[in-house]
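Visitor: I'd like to learn how to read a structure like this one, feature by feature. Could we begin with one residue and what surrounds it?

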Amino acid sequence: MPTAITHSVIGASAACCFSSEKKSLKFQILSIVCPVIPDADVIGYLWLHIPYSHFLGHRGFFHSPFFAALLSIFIVSVFYPKEAAFSNQRWKYALYFFLITASHGLADALTNGGRGVALLSPFTSARYFFPWTPIEVSPLSIKGFLSRRGLTVLINEFIWIWIPSFFIVILLKIIRNKNKVSGH
Ligand SMILES: [Zn+2]
């Protein structure tokens with residue numbers, strides 16, 4: 001996995017891109033938390049001894065887009081109950097929370113270690129990687145992360161995720177400002 005901080009960076013960047021409307025604190029917090037939630041399966045792996053390759057094991061069902069869809073329905077129902085069912089805004093939120101949560105499994109599939117991600121769970125338990133895996137896999141334990149390896153991983157994620165995310169946000173802001181100016 002990339003580190004939890006890096007999954008949150010993806011969410012925070014997505015929050016900046018979401019739209020030019022004013023965003024609430026609730027929205028910002030959910031944007032940072034949702035992309036990290038799939039890694040809750042590490043708890044089962046490290047403390048409940050659920051095998052890695054199990055349906056609920058690390059990088060299993062919780063890392064799939066299917067789970068991301070369920071989580072997004074849950075988030076919108078609980079945190080945005082006032083949005084009318086099937087309204088545009090509700091769909092927009094549902095799609096947004098789906099995408100940022102699903103980004104987790106996709107980012108993990110770009111890492112160079114572990115056993116792949118069950119991207120098509122629950123339909124198949126096969127584990128997948130992308131053909132190109134530039135991201136260093138992060139150690140699962142905190143102890144492992146606090147070693148020299150943790151620093152190598154962070155530098156690698158900075159290059160492959162933080163910097164591109166930053167540029168996407170800046171680029172989008174420039175395009176939006178331009179549209180605003182030309183719209184007047
Ligand atoms: Zn993960």
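Visitor: Which residues is Phe97 in contact with, leaving aside its neighbours within four places in sequence?

Guide: Two residues are in contact if their C-beta atoms, placed from the backbone, lie within 7 Å. Here Phe97, once you skip everything within four places in sequence, is in contact with Leu30, Cys34, Leu71, Ser72, Ile75 and Val76. Before we go on, keep in mind that this is a predicted model: local features need pLDDT of at least 70 and side-chain atom pairs count only at pLDDT 80 or more, while totals for chains, interfaces and linings use all residues. Residue numbers start from 1 along each chain as its sequence is written.

Visitor: And which members of the largest nonpolar core touch the most other members?

Guide: First, the term: a nonpolar core is a set of buried Ala, Val, Leu, Ile, Met, Phe, Trp, Tyr and Cys residues joined through C-beta atoms within 7 Å. Buried means 20 or more other C-beta atoms within 10 Å of the residue's own, exposed means 12 or fewer, and partly exposed is in between, with C-beta atoms placed from the backbone. The largest core here has 18 residues, and Ile10, Cys34, Ile75, Phe97 and Ile100 touch the most other members. Two or more core residues come from each of α1 (4-18), α4 (65-79) and α5 (88-108). Those labels are DSSP runs numbered from the N terminus, with helices (H or I) of at least four residues and strands (E) of at least two. The largest share, seven residues, belongs to α5.

Visitor: Let's look at helix pairs, then. At what angle do the axes of α4 and α5 cross?

Guide: Axes are lines fitted to C-alpha atoms, for helices over the stretch in contact, and angles run from 0 to 180 degrees between N-to-C directions. The axes of α4 and α5 come within 8 Å and cross at roughly 140°. That makes α4 oblique to α5, on a scale where under 35 degrees is roughly parallel, over 145 roughly antiparallel, 65 to 115 roughly perpendicular and the rest oblique. The α4 and α5 crossing is right-handed, meaning that the near helix is turned clockwise from the far one by less than a right angle, with anticlockwise giving left-handed.

Visitor: Which residues of α4 and α5 meet there?

Guide: From α4 you get Pro65, Ala68, Ala69, Leu71, Ser72, Ile73, Ile75 and Val76, and across from them in α5 sit Arg90, Tyr93, Ala94, Phe97, Phe98, Thr101, Ala102 and Gly105. By class, that contact has twelve nonpolar, three polar and one charged residues. Ala, Val, Leu, Ile, Met, Phe, Trp, Tyr, Cys and Pro count as nonpolar, Asp, Glu, Lys and Arg as charged, and the others, Gly among them, as polar.

Visitor: How do α1 and α5 pack?

Guide: Their axes are 10 Å apart, at an angle of about 150°. That makes α1 roughly antiparallel to α5. The α1 and α5 crossing is right-handed. On the α1 side the contact uses His7, Ile10, Gly11, Ala14 and Phe18, and on the α5 side Tyr96, Ile100, Ser103, His104 and Ala107. Those residues split into six nonpolar, four polar and no charged.

Visitor: Why does Arg59 count as buried?

Guide: Arg59 counts as buried because it has 29 C-beta neighbours inside 10 Å. His49 is exposed because it has 8 other C-beta atoms within 10 Å. His49 lies in the loop between α3 and α4, and Arg59 is also found in the loop between α3 and α4.

Visitor: Where is Phe55 found?

Guide: Phe55 is in the loop between α3 (41-46) and α4. Phe55 is partly exposed, with 13 other C-beta atoms within 10 Å. Beyond four places in sequence, Phe55 touches Gly60, Phe61, Ser121 and Ser125.
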